[in-house]
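Look over the chain first, then work through the points below.

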Amino acid sequence: MPELKPLHVVLILAIVAIVALYVLGVGLGAKDESSRRDSPTQSAQELRERFIKPEPVDASELAATCAFQEGVLVLPSGGSCRVDVKASDTRMRSLEVVPRPLSVVRVSLASRGKPSVPAKFDPLKEAKKLDVAKEGADLEVTCLSAPPQRPICELGLR
């Protein structure tokens, strides 16, 4: 049998070391972290809040075609309302829409900036933070059903 060259010995030892490390990793319980990670949208939301830090839209920057007082939009059952989010010098702002209990509303936001992707929630089930570019946006709210004791829908805007 021919003698082994030093290069062959090094290669054999490297392969043995790789196999040993793999077995050790599996044996000591190396875990797959992918199942425990947050959802991609949750991670994107955290990164957005960390780096962009959008300021909330001020109430003075909102003009509604229906009753709007103290951050609450009030519209009759089956009625619609348009809210104009005025342009601003701020690059990115956030508008939080909060449905009130027993009010079922449809919300649609169309940004005036290009490129833009409209947001539509039919019906709005939970509070959402919507991004508004500096060019402003148009918010359309429709009351789908109101509680029987008060035939109005309420939507909080912050």
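Buried means under 20% relative accessible area, exposed over 50%, and partly exposed in between, using a 1.4 Å probe and protein chains only. The model is predicted, so local features need pLDDT of at least 70 and side-chain atom pairs count only at pLDDT 80 or more, while totals for chains, interfaces and linings use all residues. Residues are numbered from 1 along each chain as its sequence is written, and side-chain values use heavy atoms, with hydrogens and water left out.

**Disulfides**

- A disulfide is a covalent bond between the sulfur atoms of two cysteines.
- Here the term is applied to a pair of cysteine sulfur atoms within 2.5 Å, and the count by this rule is 2 disulfides.
- Counting bonded cysteines along the chain, the pattern is 1-2, 3-4.

**Cys66 and Cys81**

- The sulfur atoms of Cys66 and Cys81 are 2.1 Å apart, and the two residues form a disulfide.
- The disulfide of Cys66 and Cys81 is left-handed, because the torsion about its S-S bond is about -90 degrees.
- Cys66 sits in the loop between strand S2 (62-64) and strand S3 (67-69), and Cys81 in strand S5 (residues 80-85), so the bond ties together parts 15 residues apart in sequence.
- Strands (E, at least two residues) and helices (H or I, at least four) are DSSP runs, numbered from the N terminus.

**Cys143 and Cys153**

- Cys143 is joined to Cys153 by a disulfide, S to S 1.9 Å.
- The torsion about the S-S bond of Cys143 and Cys153 is about 55 degrees, so this disulfide is right-handed.
- Cys143 belongs to strand S10 (residues 137-145) and Cys153 to strand S11 (residues 152-157), so the pair ties together parts that are 10 residues apart in sequence.
- Cys143 is buried at a relative accessible area of 1%, and Cys153 is buried at 0%.

**Cis peptide bonds**

- Most residues other than glycine have a negative phi, and most peptide bonds are trans.
- Lys114 and Pro115 are joined by a cis peptide bond, with omega about -10 degrees.
- Pro115 is in the loop between strand S7 (104-111) and strand S8 (119-121).
- From Asp122 to Pro123 the peptide bond is also cis, with omega near -5 degrees.
- Pro123 is in the loop between S8 and strand S9 (128-133).

**Positive phi**

- Glu70 is not a glycine, yet its phi is positive, near 50 degrees.
- The loop between S3 and strand S4 (72-76) holds Glu70, which is exposed at 83% relative accessible area.
- Leu102, also not a glycine, has a positive phi of about 70 degrees.
- Leu102 lies in the loop between strand S6 (92-99) and S7, and is exposed at 59% relative accessibility.
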